[in-house]
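Thanks for coming. Please look at the display.

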Amino acid sequence: MTDLVQHTGPTALRRLRSLPLTLIIGGAITLAWLVVALLAPALTSYDPIAVDVMRALKPPSAEHWLGSDAIGRDVMTRIVYGARCDLAMAFFGVVGPIIFGTIIGLVSGYFGGRMDALLMRILEVTVSFPYFVLVIAIVAVLGPGLKSYFISLTLVNWVSYARLVRSQALVLRGADFVLAARGMGLGHLRIMLFHILPNAIIPSIVFVMTDAVLTIVLGSSLGFLGLGVQPPTPEWGAMIAEGQTYLTTAWWISIFPGLAVCSLALGLSLAADGLARILHTGP
Amino acid sequence: MGERVASQDLVSVENLAIDFSTSYGDVRALSGVSFSLKAGEVLGIVGESGSGKTVACRAILKLIAGNARVRSGRILFEGRDVLGMNGAELGHFRGEQAAMIFQNPSTHLDPIMRVGRQVAEAMVEHEGISWNDAQARAVGLLEDMQIKDAPRRANAYAHELSGGMRQRVMIAAALACRPKLLIADEPTTALDVTVQAQILDLLRTIRQQRNLSIILVSHDLGVIAQMCDRVVVMKDGAVMESGTVEHILRRPEHDYTRRLIASQPSLLTPSSRATHPTSAPHLVVDNLSVTFHPGQSLSGWALRKPAQTIKAVDGVSLQLRRGGALGIVGESGSGKSTIARAIVGLLKPQQGRIEVDGRTLAPSLDQRRPEQVRKLQMVFQDPFMALNPAFTVGRTLEEPLRQHRICSDAEIPGRIAELIAKVELPKELLERRTTQLSGGQRQRVGIARALALEPEILIADEVTSALDVTIQAQILGLFERLRRELSLTLILISHDLGVVRYLCEQVAVMRHGQLVEYGATKDVLDSPREAYTRALIAAIPRLPAPERPLVHIS
C-alpha cells in the first residue's frame, strides 16, 4: 500500500498499464456501477417509487430514456436506484460466507485429524441439501427481506470458501516455511494468520468475484419469487419479474434491468479473471 | 576443429540463437551457440541452471516451446536442417533418428499406461508393426536395459517401479526405434548415487552395443568426466568453452570453467577445525525411533486390521560436542530428515530421548520452553518452499526477533542489517518479497532467519542440494565461517559425501532408518567397515584427482 502512495504520477500509470486488460475493463465496469449507485439522485430527476399512471408503459424516448413501467415509473431511475440494492447484495452476500468459510477451512486444514473430520462432515451435510431449496427454505423461515437473505447465504455458501481454504491449508501446513515458523516457536494462531492465511486465501479472492455474480443472480431470483427485496423498492431481479407480463408489448421493462445484471456480472467476472492472473503469478 | 568436413558430424549446431518472448519482452535463452557431435561420440554439456543447456539440446529435436523464436543459426543432423522440418518429417525424425530422456522419469511416463505398452507404442507408431510383436520386442528391450523379470515388469504401471527402474523404462522407450542419437537431459539428477552409478553404467553398455551417440546434459562435472569424450561448458546461454574432457578438466581456459571445477565438493579442501575438547556432550540423541502411521483405511478399520506402520527411524543414537559438526548421509527414504525433524520437535518420536546440555527435551515442540526452542534451529532443504512467499525478506527476519524478544524493538533494524550482512547479502534485498530472490539468495535468507534466534545447534537439511555447484560452494564456505565465528554445533544432512567431508568431522551413515556406520569422517570415508558405506562411496562420480591419468570407458 505504501508503495502506491510513494510512487504517484508516471510510475502509477506504468503500474496500471502492466495490469491485465481483463482486470482493467472488469474493474472499470464495476467501478462505474458503484459510481452510479452512489450518485443515483444526481443522475435522474424522477422518483423511483412514486406511481404516475398517466405515464404508464411509455416506450424509450427523450423524456424516459429507457421507457416507463406499468405504473408509470421511469425504468432508468429504477435501474440506477436498483444498483444500490444489487451492489449491496453482491457485497454483503459474500462477506458472511467468506469470513465464516475461511475460518472453518483454516482450522480444519491446519489442525487436520479429528477437528477436520468433524468440520468436513458438517460441511458435507450442508452440501447434501439442494442449494436453491436450502436458501429458499431458510429465507422462508426467517421471513422475506435482505437480512434473511444474507443470513441464509452465510449458512449455505460458506462451504465453498471452507473447501478452497482447507485444500490450500492442508498443503501449506506441511510446507517448509510453516515448519520453519513452528521450529522458531511461533504460536498456532500466529502461524495460521500470517503464514497460512495470506497464501491460502488467493483462490478465495478470485472465487469471491464469481460468487458475487452468483449472489446477485440468486438475489434477483429470490426477488422474482417474491422472497427477496420487497416492492416497491427497486431491485433488478424484481423489475425483470414485474415486466414479465408485458414482455411482448413493453419489452423495455424487463430487458434493461436484465442488461444491467449482465453488465455487472460481466464486470465482476472479468475482474476475477484478471485478479487470478496477477495473484497466481505474484506481483 | 573448424576445418573438419561437416558431413562427418552427426549433429552440428551452428550459431544458434533463441529468444523467448514473454510479457516483459524478449528474453535471450541462447546466443550464438555452436557445437558438434561425431557419430559414436559422447558429448557432455555442463552448466548451471539457466545456462541454456536444456534449451540447446531440446532444440536438436525441435522440441522448443511455443513462445520460442529462433533468431539465427541452424541445426544439422546428418546434413539435414532440423529446424526446417515440417510436422511429418519431425514425426519420423524424433524417435527414429534421435530420441531424448529427461530428468524426472516419473513425470515423463504416462501414469495410466502399462510401461511395456509405452515402450511398444513408439514401434507401432513408427514401424507399423502389430501390438503383439511390439510388445514382445518391448520386453526384449527392457531385458536389454537390465530390468530383471522383464515380462512381469512390462505389465507394471509407472508408480509401481522405483526411480531407477523408471529411468530404465524411459531409456528403453527412447531406444525403441533404434535412434542414432540419444539426448539425456540430467538423466540421473533425481536418483540416489548408487542408482545413478547403475544408470550411467547402463548408458555405457548400450552405447557400445548399439554404437549410439549420446549427448549428456548434467550440472555434475563428475558425471561428465566419467562418461564423455568431449565437453561443452555453457553459461548464460552461451558456450564458454569446449574441448576434450582431458582438456577441459586439466587445462581449463575460461575463468568460469575453473570456478566450476573448483566448486566440486569432492575437490573442496577441508579447512582446519577448531576442536573443543570439552567433555560434556552438547546434544545427545538416545535410541530414537519414529514410526509413521500412514492413515488407516475405513475398510481396514471395519475389518479390525491393524494399522500399517512404517519405521522411519529405528533406534538411532548420536552425540555431539559443542562446536562439533556431524554429517548424516544416506539415500532417499533412509530417515535422515526424520531425525532432524524429531530433534527440532516437529515430529513426535515413539521412543528415545533428546538431550541438550544434559537436559532432556520434551518430545513435542508445543511442550518445550521457548528458550529450548530458540537454541535448536533448522534450515530447510527447498529454498523455494522455505520462506513465506507473502513476506518480504525484512519481515522474514523480523518475525523471529520479535517472537523471542532477542532485542528491543529499537534495535531490530540494526539487528536485521547485521544478519543480512552475516549471510553476505546486500541490504537492498530486505525490501524485496521472498519470491523475487534466486535460490541461493533464498537459502541465505533461510540461514539468516535461523541465526536470528542465536541458536546453539543448527540442523541443515540438504541445504545445498537444490543449488548450483558454485552457489553450493559459497553456502558451504558460509557455514564453515559461521561455525568458526559463532561456535555453532552443526548437523548437516546430505546425500553428498563430498559436502560432508568438507564440513564435518563426524559422519553417520543411515539406511532404512538405522545407523549403518558412525564415527570420525576420516575413518568412515577412507576406510569404511560396512559394505553399504563402501558402495555409497564407490558410487560417487568424482573428478579424477589431478595427478592421476584420466581413464574412462569409450
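About 40 Å³ of space lies in the largest cavity. A cavity here is a set of points, on a 1 Å grid over the protein atoms alone, where a 1.4 Å probe fits but cannot get out, and its lining residues have an atom within 4 Å of a point. Grid points are joined across faces, edges and corners, and the volume is the space filled by probe spheres set on the points.

Before going on, the ground rules. This is a predicted model, in which local features need pLDDT of at least 70 and side-chain atom pairs count only at pLDDT 80 or more, while totals for chains, interfaces and linings use all residues; side-chain values use heavy atoms, with hydrogens and water left out. Residues are numbered from 1 along each chain as its sequence is written, and chains are lettered from A and ligands numbered from 1 in the order in which they are written.

Which residues line the largest cavity? From chain A there are Met184(A) and His195(A), and from chain B there are Asn388(B), Phe391(B), Thr396(B), Glu399(B) and Arg449(B). By class, that lining has two nonpolar, three polar and two charged residues. For the classes, Ala, Val, Leu, Ile, Met, Phe, Trp, Tyr, Cys and Pro count as nonpolar, Asp, Glu, Lys and Arg as charged, and the others, Gly among them, as polar.

How many cavities of 30 Å³ or more does a search of the whole structure find? It finds two. Helices (H or I, at least four residues) and strands (E, at least two) are DSSP runs, numbered from the N terminus. The lining of the second largest cavity has three nonpolar, no polar and three charged residues.

Now chain A as a whole. Chain A has 13 helices and zero strands. Its C-alpha trace spans about 75 × 55 × 25 Å along its principal axes.

Next, where the chains meet. The contact, meaning heavy atoms within 4.5 Å, takes 18 residues from chain A and 26 residues from chain B. About 1900 Å² is buried between chain A and chain B, and carbon and sulfur atoms give 56% of that. Buried area is the accessible area (1.4 Å probe) that two parts lose on being put together, summed over both. Of the area that chain A buries against chain B, Asp176(A), Phe177(A) and Met184(A) supply 33%, more than any other three residues. Met184(A) is also in the lining of the largest cavity.

Two strands pair if DSSP finds at least two bridges between them. One open sheet has six strands in the order 16-17-18-13-19-20 (chain B), with mixed pairing. Strand 16 (376–379) and strand 20 (514–520) of chain B are at the edges with a single partner strand each, so one side of each has no neighbour in the sheet. Strand 16 runs parallel to strand 17 (residues 457–461) of chain B, and four bridges join them. Within that pair, Gln377(B) has Leu458(B) as its bridge partner. Helix 17 (residues 439–452) of chain B packs on the sheet, touching strand 16 and strand 17, and its direction makes about 175° with that of strand 16. Axes are lines fitted to C-alpha atoms, for helices over the stretch in contact, and angles run from 0 to 180 degrees between N-to-C directions.

Another open sheet of chain B has four strands in the order 12-11-14-15, with antiparallel pairing. Seven bridges join strand 11 (residues 283–292) to strand 12 of chain B, and Leu283(B) has Leu320(B) as its bridge partner in strand 12. Helix 13 (residues 336–344) of chain B lies across strand 11, strand 12 and strand 14 (351–356), at about 115° to strand 11.

Last, strand 1 (residues 9–22) of chain B. Ten bridges join strand 1 to strand 2 (residues 25–38) of chain B, and eight join strand 1 to strand 4 (residues 68–77) of chain B.

Technical notes
On a 1 Å grid over the protein atoms alone, a cavity is a set of points where a 1.4 Å probe fits but cannot get out, and a pocket is an open set with protein on both sides within 12 Å along at least five of seven lines; lining residues have an atom within 4 Å of a point.
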